[in-house]
Amino acid sequence: MDKHRKYIIAGNWKMNKTSGESVELADAVIKEIGDQASVDVVLCPPFTSIAAVSSVVEGSPVKLGAQNIHPASSGAYTGEVSAEMLRYFYPTYVILGHSERRKYFNETDAFINEKVLAAFAGNLKPILCVGETLEERESGKTLEVVDTQIRGCLVDVSEKDAENLVVAYEPVWAIGTGKTATPQIAQEVHDSIRHILSDLFGQEAAQRIRIQYGGSMKPDNARDLLSQTDIDGGLIGGAALNAKSFTDIVNAAVSLDSEE
Ligand code: PGA
């Protein structure tokens with residue numbers, strides 16, 4: 001297998017972990033993965049833990065990510081955080097357009113698009129989440145939904161910026177439910193996503209963009225998912241809250257990489 005793309009395994013801790021607990025978890029992850037650099041490993045703690053986790057990952061191969069940003073750089077947006085404010089903690093990535101933000105905070109593709117542009121302007125690499133609900137899947141609308149989300153969230157993104165983009169395909173029905181898309185179902189959607197990216201940015205750029213799968217990825221299904229041609233990593237929720245299960249997924253990617 002030769003994908004030419006570096007696997008990226010990111011932990012989305014969501015609204016979990018105090019700053020003390022975050023330090024413990026980040027420490028344990030770093031100890032377990034050592035200095036391996038063949039796979040990108042990213043930790044996305046809540047804002048209250050960003051400063052603490054930033055100090056822990058400094059000097060290690062593990063990268064820091066945020067879970068959200070506001071598109072403006074500063075101003076009267078009570079409760080929000082900008083890319084500009086985050087930059088002092090040296091994050092590399094930011095998760096944008098997660099289905100929980102779309103659902104509970106009514107985020108639209110147009111608003112997510114503003115955030116994507118702000119992320120690039122602030123030197124953050126967006127992990128753009130897209131995915132269909134169960135109802136949409138059952139009515140045969142998966143590809144249509146994913147197409148609309150991707151095009152709507154990537155308006156005005158340049159081909160050059162696109163190379164720093166990561167897309168996460170997260171079928172909503174698989175998030176936190178224990179139901180995982182089969183590797184074949186996931187691969188089919190990942191393949192379509194790459195076609196859409198190719199249409200937007202050209203084939204060469206599309207071949208370089210990494211597409212993660214997210215939705216109940218666990219140590220026991222990671223290998224089968226990650227071995228698919230167009231699955232270049234995982235966005236991990238529940239299993240990222242435990243150092244052992246998270247690093248087992250990282251190690252599945254490391255071992256696939258070494259087989260290439
Ligand atoms: P899960 O969450 O691994 O708990 O399903 C994934 C996500 O929401 O990013």
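**A helix and its cover**

Guide: In α12, the buried residues are A243, S245, F246, T247, I249, V250, A252, A253 and L256. Buried means under 20% relative accessible area, exposed means over 50%, and partly exposed lies in between, with a 1.4 Å probe and protein chains only. Helices (H or I, at least four residues) and strands (E, at least two) are DSSP runs, numbered from the N terminus.

Visitor: Before we go on, what sort of model is this, and how are residues numbered?
Guide: This is a predicted model, where local features need pLDDT of at least 70, side-chain atom pairs count only at pLDDT 80 or more, and totals for chains, interfaces and linings use all residues. Residues are numbered from 1 along each chain as its sequence is written, and side-chain values use heavy atoms, with hydrogens and water left out.

Visitor: Back to α12. What covers its buried residues?
Guide: The cover includes β1, α1, β2, α11 (219-226) and β8 (233-236). Cover here rests on contact, meaning heavy atoms within 4.5 Å.

Visitor: How many residues does α12 have, and what is its reach?
Guide: α12 runs over residues 243-259, so to speak 17 residues. From first C-alpha to last, α12 reaches 24 Å, close to the 24 Å expected at 1.5 Å a residue. The expected span is 1.5 Å times one less than the number of residues.

Visitor: And α9?
Guide: Helix α9 covers residues 183-201, with 19 residues. Its reach is 26 Å, close to the expected 27 Å. Its buried residues include P183, A186, Q187, V189, H190 and S192. I193, R194, I196, L197 and F201 are buried in α9 too.

Visitor: What follows α9?
Guide: G202 does, and its phi is positive, near 95 degrees.

Visitor: Which residues other than glycine have a positive phi?
Guide: K14 is one of them, at about 50 degrees. N123 has a positive phi of about 60 degrees. Most residues other than glycine have a negative phi.

Visitor: Where are K14 and N123 found?
Guide: K14 is in the loop between β1 (8-12) and α1 (19-33). N123 is in the loop between α5 and β5 (125-130).

Visitor: Buried or exposed?
Guide: K14 is partly exposed, with a relative accessible area of 22%. N123 is exposed, at 69%.

Visitor: What does C44 touch?
Guide: Leaving aside neighbours within four places in sequence, C44 is in contact with G11, N12, W13, K14, G65, A66, Q67 and I95. C44 is in strand β2 (residues 40-44). C44 is buried, with a relative accessible area of 0%. C44 and V166 are 122 residues apart in sequence and 14 Å apart in space, C-alpha to C-alpha.

Visitor: Let's switch to C153. Where is that?
Guide: C153 is in helix α7 (residues 142-153). Its relative accessible area is 0%, so C153 counts as buried. Beyond its neighbours within four places in sequence, C153 has contacts with R102, D109, I112, N113, V116 and L128.

Visitor: You mentioned N113. What does N113 touch?
Guide: Not counting residues up to four places away in sequence, N113 touches G152, C153, L154 and V155. N113 is in helix α5 (residues 109-121). N113 is buried, with a relative accessible area of 10%.

Visitor: What about S54?
Guide: S54 is in helix α2 (residues 47-57). S54 is buried, at 12% relative accessible area. Its contacts, leaving aside neighbours within four places in sequence, are with L64 and F89.

Visitor: Zoom out. How many helices and strands are there?
Guide: The protein has 12 helices and eight strands. Of its 260 residues, 52% count as buried.

Visitor: What does the C-alpha trace span?
Guide: About 50 × 45 × 35 Å along the principal axes.

Visitor: What share of the contacts joins residues 24 or more positions apart?
Guide: Such residues account for 73% of the contacts with a separation of 6 or more.
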